Amino acid sequence: MTSPATPVPSAPPVNGQVIGLAHYASRAALERVLARSGTTFEQSVALRAVSDHGGTTERARVTDRLTAGLKIEEAAARRTVEELTARGLLEEPAPEQVSLTDTGRELFASVRAAGDAIAARVYAGIPAEDLAVAGRVLALVTERANAELAGA
C-alpha cells in the first residue's frame, strides 16, 4: 500500500485535468460536510468572505469574491448572499452591508474546522517544499487563466 508521502511512480504531468481532479476530489470531501448543515459550497465561500473581513463587509465585496473566485454569474452570487440572509446566517446591519449572525459565525467555524481537518489529512506527509512549488505553479496557472478570461 502506498502512503500519502510516497510519490506516485507514474504521475502524469500537471495539466487542467489533473488540477481539476484534485479540486473536485477535495471539494467533494468538503461538500459531504456541508451537506449535513444544508450549506452549499458557494454559501461556504460567501461565509468565508464575510469572516475574512472581520464578520461585516460590503455586499458587493462578497459577490465580487464569488464571481471572481468561483467564476459564477453575478445574479447567482447575489442569490447566494440572499439565501444566507434568509437562513439567518447573515444579516444586513446597514444598507449594502452584510454581517455574520451568531448562528452564521458558529456554522462557519464548524465548517472551517472540518475543512482544516480534511486538508490536514489530504496534505499529510507531503514535503513543505513540494507544497510551496505546487502553490507557486497553481498561482501562476490561475493568473494566466484569469488573463485568458479577461481577454476573451
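# Working chat: helices, salt bridges and a surface patch

Author: Buried residues make up 24% of the 152 residues in the protein chain. Buried means under 20% relative accessible area, exposed means over 50%, and partly exposed lies in between, with a 1.4 Å probe and protein chains only. The model is predicted: local features need pLDDT of at least 70, side-chain atom pairs count only at pLDDT 80 or more, and totals for chains, interfaces and linings use all residues. Residues are numbered from 1 along each chain as its sequence is written, and side-chain values use heavy atoms, with hydrogens and water left out.

Reader: What does the secondary structure of the protein chain come to?

Author: Six helices and three strands. Helices (H or I, at least four residues) and strands (E, at least two) are DSSP runs, numbered from the N terminus. The order from the N terminus is α-α-β-α-α-β-β-α-α.

Reader: What does the C-alpha trace span along its principal axes?

Author: About 55 × 40 × 25 Å.

Reader: Contacts next. What share with a separation of 6 or more comes from residues 24 or more positions apart?

Author: 54%. Contact means heavy atoms within 4.5 Å.

Reader: Let's do α5. How many residues, and how far does it reach?

Author: α5 has 22 residues and reaches 31 Å from first C-alpha to last. That is close to the 32 Å expected at 1.5 Å a residue. The expected span is 1.5 Å times one less than the number of residues.

Reader: Which residues in α5 are buried?

Author: G104, L107, F108, V111, A114 and I118. They cover an arc of only 130 degrees around the axis, so they sit on the same side of α5. The arc is that of the directions from the helix axis to the C-beta atoms.

Reader: What do the buried residues of α5 pack against?

Author: α1 (16–36), α2 and β3 (97–100).

Reader: And which exposed residues are on the face turned away?

Author: D102 and E106.

Reader: What follows α5?

Author: G125 does, and its phi is positive, near 80 degrees. I126 is in the loop between α5 (102–123) and α6 (128–151).

Reader: I126: buried, exposed or partly exposed?

Author: Partly exposed, at a relative accessible area of 32%. I126 also belongs to a nonpolar surface patch of about 320 Å², made with V122, Y123 and L131. Patches take residues with over 30% relative accessible area and no salt bridge; like charges are joined within 9 Å, and nonpolar side chains (Val, Leu, Ile, Met, Phe, Trp, Tyr) within 5 Å.

Reader: Switching to charges. How many salt bridges?

Author: The count comes to eight. A salt bridge is a side-chain nitrogen of Lys or Arg within 4 Å of a carboxyl oxygen of Asp or Glu.

Reader: Which residue does D52 pair with?

Author: R112, with the closest N and O atoms 3.9 Å apart. D52 lies in helix α2 (residues 41–52) and R112 in helix α5, so the pair ties together parts that are 60 residues apart in sequence. D52 is partly exposed at 39% relative accessibility, and R112 is partly exposed at 31%.

Reader: Where do R78 and E74 lie?

Author: Both are in helix α4 (residues 74–86), four residues apart, about one turn of the helix. R78 has 37% relative accessibility, and E74 has 48%.

Reader: Which residues are linked in a network?

Author: R27, E31 and E42, through salt bridges.

Reader: Where is E58, and what is it in contact with?

Author: E58 is in strand β1 (residues 56–58). Leaving aside neighbours within four places in sequence, E58 is in contact with E96 and Q97. E58 also forms a salt bridge with R61 at 3.7 Å, N to O. E58 is partly exposed at 36%, and R61 is partly exposed at 41%.

Reader: And R59: buried or exposed?

Author: Buried, with a relative accessible area of 15%. R59 is in helix α3 (residues 59–70). Apart from neighbours within four places in sequence, R59 is in contact with V81, E92, E96, Q97 and V98.

How values were computed: Areas by Shrake-Rupley, 256 points an atom, 1.4 Å probe, with all protein chains shown as cover.
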